[in-house]
Amino acid sequence: MRKFFQELKADLKFKSAGPGQKLSEPSRVPKEQPKAEAAPRPRRGPTDEAQMAAAAALARMELRGKGRPAAATRGRSGAVRKELMAEAAASEQGLSVEEKDPPCPAEDGASALSVSGVYFICPLTGVVVRKDQKEKHLREAIESYFNIDPVAASIMEIHTFNKDREKVRAGVETTAKYLDNIYLHPEEEKYQKIKLQNKVFQERISCLEGIHRFFQAVGFETKTLPVPGQGKESEHIKTTEEYYVLKEEMLTKLEDLRDYKEQLLNSEPVRAQLDRQLSVFKPSPEAARFELPDDFYSLTAEEIKREQRLRTEAVEKASMLRTRAMREKEEQREMRKYNYTLLRVRFPDGYILQGTFYAREPVSALYTFVREALRDDWLPFELLGPGGVKLTDENLAFNECGLVPAALLTLAWDAAVMADVQAAGEEQPASPLKPELLSNVQTLS
C-alpha cells in the first residue's frame with residue numbers, strides 16, 4: 001500500500017508541473033536502466049470535463065473583473081481593456097468579430113509606448129475600436145440597423161459613406177423633390193414613377209452609396225415598363241425601361257413620405273467619437289518622455305521619405321535668407337504632419353492626467369477635459385505649456401500652439417481662490433482628482 005501511495009504522489013507531482021517547470025527526480029530509480037532510451041510519452045490534452053471547468057473559471061474571473069479592478073490589474077494598458085469592451089459589445093450587438101485588433105505586443109514593446117494607439121467610440125453600439133477598424137465597424141453597425149429601421153439605416157449610409165459632401169447635397173435635394181411631388185400631387189401618376197436611366201437621376205442620385213436602399217425602404221419597387229409613345233414597328237428600338245414605382249399602399253401613408261424626406265434632408269454623417277483614453281499616473285520623472293505609435297502621424301511612407309530628404313537640406317536652407325511667406329509655408333507643412341496629439345497635464349501634487357486629442361481641436365477642449373476630471377469643477381485654474389507659456393487663447397488649435405504630437409503641460413490654481421479656500425479652514429482632499437480616477441492610477445514606465 002505504501003508503494004502505491006508513493007507512486008501516486010510522484011504521478012500527481014508530474015501532472016501538476018507547468019510547462020517549462022523542472023520536475024524533481026523520483027525518490028526511487030530502477031536498478032537496471034534500459035539499453036535504449038525510451039521516447040517520452042506524449043502528454044495528453046485536457047479532457048472535456050477539464051476544458052469545461054477552465055471555461056467556468058474564466059467566466060467567474062470575468063464577472064469579478066466587472067467590479068473594482070484588483071491592484072495587480074490596474075497597470076494593464078488601456079488598449080487591452082478597450083479590446084475586451086469592444087469584443088463584448090460587438091457580440092451583444094450581433095456584429096462580426098472575426099477581424100479583431102492584432103494581439104498586444106510583448107510587455108517590453110508595450111511599455112515603450114506612451115499609448116497603444118488611437119481609438120474611437122461608435123455612437124450606434126458604444127463599442128471602442130482602433131482607428132483602422134473604425135469604418136469597418138461603422139459599416140457593420142449601420143448594416144445591423146437595417147433590421148431595426150431600414151429607412152434610418154439607408155439615410156445613415158448615404159450621409160456617412162459618400163465623402164463628396166457637395167454630391168450628397170445635390171443628390172439628397174433632388175431625391176427630396178421626387179418625394180415632395182408625390183406628397184403635393186398624390187393624384188398625379190407621373191410623379192409616382194422615376195425612370196432609372198433619366199440623366200438627372202443617373203448624374204445626381206444613382207451614384208450615391210445607399211440611395212437605392214433608401215428608395216426601396218420608403219416604398220418604391222423596380223418595374224420594367226413600356227416607353228411611352230413607342231410601338232412595335234421596329235425591333236431594334238428599345239421599347240421598355242426600368243423604373244422605380246411607388247407601391248400603391250404608400251399613397252395612404254403620405255405623411256410618412258414627408259417625414260422620410262425631412263429625415264433625409266436634416267441628417268448628418270455618423271461619426272465615431274475620438275476616445276480620450278483618459279489615464280491618471282503617479283508622479284514620475286518620466287512625465288515628459290513620449291513614445292507614440294504610428295496612429296498619431298498622418299504621413300505615408302512616401303511622405304516620410306520626403307521629410308527625411310528635406311531634413312538633409314535643412315542645413316543649406318538655414319543659410320538662406322527666407323521670407324516670412326516661406327517660413328509660414330514651412331510651419332503649415334509641419335502642422336499637417338499630425339492628426340492627433342497626446343497631452344499630459346501635471347497637477348501641483350505631481351499626479352498626471354493624460355488624454356488623446358485631435359491636433360486641430362481648440363485648447364478649450366483640454367480645459368473641459370481637465371475640469372471634468374476634478375472633484376470640484378468650479379475651481380479656477382490655468383494651463384501652462386512648455387516653457388511656462390500660459391494658454392490664454394482657448395480658441396487656438398493645439399497644432400497652432402506647437403502642442404503636437406505630444407506635450408506636457410502644467411496646471412496652476414488661481415492663487416487668490418486657493419488662499420480663500422485655505423482660509424475657510426475646510427479639510428482639503430489629498431488630490432483634486434475624482435476618486436474613481438485615482439482608484440485606477442497607473443505608473444509611467
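Three strands form an open sheet in the order S2-S1-S6, paired in antiparallel fashion. Its edge strands, each pairing on one side only, are S2 (128-130) and S6 (273-274). Two strands count as paired if DSSP finds at least two bridges between them, and strands (E, at least two residues) and helices (H or I, at least four) are DSSP runs numbered from the N terminus. Strand S1 (residues 119-121) is joined to S6 by two bridges, and isoleucine 121 stands opposite glutamine 273 in S6.

This is a predicted model, in which local features need pLDDT of at least 70, side-chain atom pairs count only at pLDDT 80 or more, and totals for chains, interfaces and linings use all residues. Residues are numbered from 1 along each chain as its sequence is written, and side-chain values use heavy atoms, leaving out hydrogens and water.

The mean pLDDT (the predictor's confidence in each residue, from 0 to 100) of the chain is 77, and 64% of its residues reach 70 or more. Over residues 1-46 the pLDDT is below 50. Where pLDDT is low, the predicted coordinates should not be read in detail.

The structure holds 16 salt bridges, each a side-chain nitrogen of Lys or Arg within 4 Å of a carboxyl oxygen of Asp or Glu. Among them are these:

| Pair | N to O distance |
|---|---|
| Lysine 261 and aspartate 180 | 3.2 Å |
| Lysine 195 and glutamate 241 | 3.5 Å |
| Arginine 276 and glutamate 361 | 2.8 Å |

Lysine 261 lies in helix H10 (residues 254-266) and aspartate 180 in helix H7 (residues 165-184), so their bridge ties together parts 81 residues apart in sequence. Lysine 261 is buried at 9% relative accessible area, whereas aspartate 180 is partly exposed at 25% (buried means under 20%, exposed over 50%, partly exposed in between, with a 1.4 Å probe and protein chains only).

Definitions and conventions:
Contact means heavy atoms within 4.5 Å.
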